[in-house]
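Dear colleague,

I am passing on the structure below, and after it I have set out what was found in it. Please keep the model open beside the text as you read.

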Amino acid sequence: MTDTPIDLEALRQRIDELDGDILRLISERAACAQRVAQVKTAEDPQAVFYRPEREAQVLRRIMALNQGPLDSEEMARLFREIMSACLALEQPIKVAYLGPEGTFTQQAALKHFGESAQSMPMAAIDEVFREVEAGAVNYGVVPVENSTEGVVNHTLDSFMDSSMRICGEVVLRIHHHLLVAETTRQDKVSRIYSHPQSFAQCRKWLDAHFPHAERVPVSSNAEAARLVKTEWHSAAIAGDMAAKLYGLTRLAEKIEDRPDNSTRFLIIGYQDVPMSGEDKTSIVVAMRNQPGALHDLLEPFHRHQIDLTRLETRPSRTGVWNYVFFIDFKGHRDEPRVAAVLEEVQLRAAEVKVLGSYPVGVL
Ligand SMILES: O=C(O)C(=O)C[C@]1(C(=O)O)C=C[C@@H](O)C=C1
């Protein structure tokens with residue numbers, strides 16, 4: 001510690017100077033992004049402005065350079081917003097997400113694209129797919145798996161009928177709160193609204209604290225929050241965004257049974273994303289219905305030492321007892337090792353579709 005008395009005025013003066021520098025630098029950066037847009041358009045009039053691999057590299061570099069006192073995630077979040085604003089200067093991005101407003105999927109969309117993206121709620125997962133397919137929005141955000149509850153089947157099934165590609169992933173820590181309105185009689189809560197997945201994620205807590213309250217499943221956490229506004233004896237289980245949207249307060253915080261409860265979301269679009277240096281690939285494979293099929297499918301991954309991060313089975317819908325496998329693994333399809341595996345899998349499978357190679361979620 002220094003002996004010099006802390007001079008508040010001097011510190012504020014220094015902060016003003018630094019803010020001036022930051023302002024100038026951000027403006028210079030934004031002007032650079034505008035020039036990048038001109039270069040992209042000159043190269044290709046149909047140019048794609050959003051570049052997931054570059055964004056991942058920018059954020060990873062910032063996190064590696066950061067020396068505090070702000071922690072690296074916090075710093076990356078600030079840069080996430082700067083980049084979001086720069087991209088909006090190049091081209092305002094429209095993103096459809098599984099709504100309604102206030103859902104965790106909206107939170108995931110904003111976490112991934114930043115606040116400058118225009119986000120539009122859809123009523124169902126297949127509507128998100130359709131909206132992107134129709135070109136009404138640039139990208140879509142859909143949940144794909146939860147660490148407690150497992151896979152979101154609707155999302156996997158939607159990929160089977162669609163030519164949509166995966167351009168990115170984002171993982172969100174899911175914190176559930178028990179929310180009440182100003183008018184709620186907190187000692188008289190006899191009904192709790194939530195999405196079935198959230199009930200499942202908070203089961204033990206509810207059994208311990210509200211064993212007699214009626215649990216009413218609704219289509220989303222945001223809908224649960226909306227209902228609470230009108231009933232004095234009800235509460236909702238939902239997250240921060242829904243609480244903010246409907247002006248609810250937390251009667252109990254972070255009531256999920258598992259502290260590491262998180263959900264993975266996919267960014268869908270029509271873009272093949274180049275390598276970022278730390279990537280994942282998702283494929284869907286239909287195997288012939290014969291003994292050892294799964295072993296045949298997985299053997300090349302093992303031989304080439306490729307890390308599988310997820311394997312799901314779904315009925316193929318083209319014949320009874322036929323299954324398809326959704327596989328996620330580390331690596332990018334342009335890496336020779338991955339290309340070799342994909343070639344081998346193609347020879348063994350009835351059908352293979354590469355859903356996309358994309359950067360591993362940074363934030
Ligand atoms: O590098 C680019 O291609 C840019 O358009 C610049 C920039 C950025 O602000 O850094 C903006 C949007 C892209 O998604 C990626 C990066």
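In this predicted model, V285 stands opposite V352, a residue of strand β15. The strands concerned are β12, which covers residues 279–286, and β15, and they pair in the antiparallel sense over eight bridges. Both belong to an open sheet of four strands, in which the order is β13-β14-β12-β15 and the pairing is antiparallel. The edges of that sheet are taken by β13 (308–315) and β15 (351–359), and because each has a single partner strand, one side of each is left without a neighbour in the sheet.

Turning to the helices, α2 (residues 52–65) packs with α3 (residues 72–90) at an angle of about 145°, the two axes being 9 Å apart, and the crossing of α2 and α3 is right-handed. On the α2 side the contact is made by E55, V58, L59, I62 and M63, while α3 contributes S72, M75, A76, F79, R80 and M83. Sorted by class, the contact of α2 with α3 comprises eight nonpolar residues, one polar residue and two charged residues.

As for annotation, an unreviewed UniProt entry places the feature "domain: Prephenate dehydratase" at residues 94–270.

Methods: Residues are numbered from 1 along each chain as its sequence is written. This is a predicted model: local features need pLDDT of at least 70, side-chain atom pairs count only at pLDDT 80 or more; totals for chains, interfaces and linings use all residues. Axes are lines fitted to C-alpha atoms, for helices over the stretch in contact, and angles run from 0 to 180 degrees between N-to-C directions. Helices (H or I, at least four residues) and strands (E, at least two) are DSSP runs, numbered from the N terminus. A crossing is left-handed if the near helix is turned anticlockwise from the far one by less than a right angle, and right-handed if clockwise. Two residues are in contact if their C-beta atoms, placed from the backbone, lie within 7 Å. Ala, Val, Leu, Ile, Met, Phe, Trp, Tyr, Cys and Pro count as nonpolar, Asp, Glu, Lys and Arg as charged, and the others, Gly among them, as polar. UniProt positions are given in the numbering used here, feature names are shortened, and annotations may be inferred rather than shown by experiment. Two strands pair if DSSP finds at least two bridges between them.
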